[in-house]
Amino acid sequence: MAEATTAQREADRRRSEPGPPSSRPPRRRRWLPGRRLAIVLAVLAAALGGFGGWAFYGSDWLRIEHVSVRWRDDGPRNLTRDQVLEAAGVPLDSPMISLDKDAIRRRLLDRLPRLESVEVVRAWPHGVGLRLTEREAEALIPVGDRYLEVDEDGVRFGEVAEPIDGVPLLELDLDEGPGLRRFGEDGIRREAVAVALSLPDAVREDLRTIRASSFDSITLELTGDRTVVWGSSEQPEAKAEALAAVMEAAGDARHFDVSAPTVPAASND
């Protein structure tokens, strides 16, 4: 029994001993093509990013060198190029990428009320373009010896020393009342201009003065000492049609009333 135990221990010891060293060399770790490509791409991306940042911000390649000014449409052009450039304040010799188009647009609209709209565009690699639309006078408000220009939205945007051919005067003699408190002077002025714009072309050519005492009391003065009681700016199409019809039917009349367009009236009184 003792001999069997001794033999078992000897067998276990031999099994636990390491075998002779292998004659095969160790295997080397191989670089996978995908990993090598990823490293190369990462290095290239870093290099390109640094170069791009320098090109956009540090180099002279993409910097603002000139500003162009262009008016859109066939509207008025009262502003000069120098006035626009001064108000825009485009930072010359600064990186094109850092151009704040919204800030330039706000400056132009704030400093030049005559402008209705502004578009600022980058003209790579060195230019900035300003595309403008000026407001057009649809009525003139006499103030002393000058005239305030009013556009189609009732906005006062400029002044001139002399009347403009074809542009009617706007006389506001507003009554204190609920209408003025509700709509305000700006609202009534806007509605009065809207009336002028809704007139038939033939009548509008003869319009000389728009008089408004309240929101619903607008009167038009035409050439030939003729007047039109228009009332409010509501139902403009119906009133325009009624005015054309009654003028055709009573061409010699001097006074017309279309405040109730379904029953227009004309008289010489």
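This is a predicted model: local features need pLDDT of at least 70, side-chain atom pairs count only at pLDDT 80 or more; totals for chains, interfaces and linings use all residues.
**Entry 1: helix α4**

Numbering runs from 1 along each chain as its sequence is written, and side-chain values use heavy atoms, with hydrogens and water left out.

Helices (H or I, at least four residues) and strands (E, at least two) are DSSP runs, numbered from the N terminus. Next I looked up burial, with buried meaning under 20% relative accessible area, exposed over 50%, and partly exposed in between (1.4 Å probe, protein chains only). In α4, residues 101-111, I found A103, I104 and L108 buried. They lie on the same side of α4 because they cover an arc of only 135° around the axis, taken from the directions from the helix axis to the C-beta atoms. D102 and D110, on the other side of α4, are exposed.

What do the buried residues of α4 pack against? I found α3 (81-88), β2 (115-123) and β3 (127-134), by contact (heavy atoms within 4.5 Å).

**Entry 2: salt bridges**

I searched the whole structure and got 12 salt bridges, each a side-chain nitrogen of Lys or Arg within 4 Å of a carboxyl oxygen of Asp or Glu.

One of them pairs R63 with D93, with the closest N and O atoms 3.7 Å apart. R63 is in the loop between α2 (33-58) and β1 (66-71), and D93 is in the loop between α3 and α4, so this pair ties together parts 30 residues apart in sequence. R63 counts as buried at 14% relative accessibility, while D93 counts as exposed at 52%.

I then checked R135 and D151, whose side chains meet at 2.7 Å, N to O. R135 sits in the loop between β3 and β4 (139-143) and D151 in the loop between β5 (146-150) and β6 (156-160), 16 residues apart. Buried or exposed? Both R135 and D151 are buried.

Helix α5 (residues 178-198) holds R189 and E185, 4 residues apart and separated by about one helical turn. Their salt bridge is 3.7 Å, N to O. R189 is buried at 4% relative accessible area, and E185 is partly exposed at 38%.
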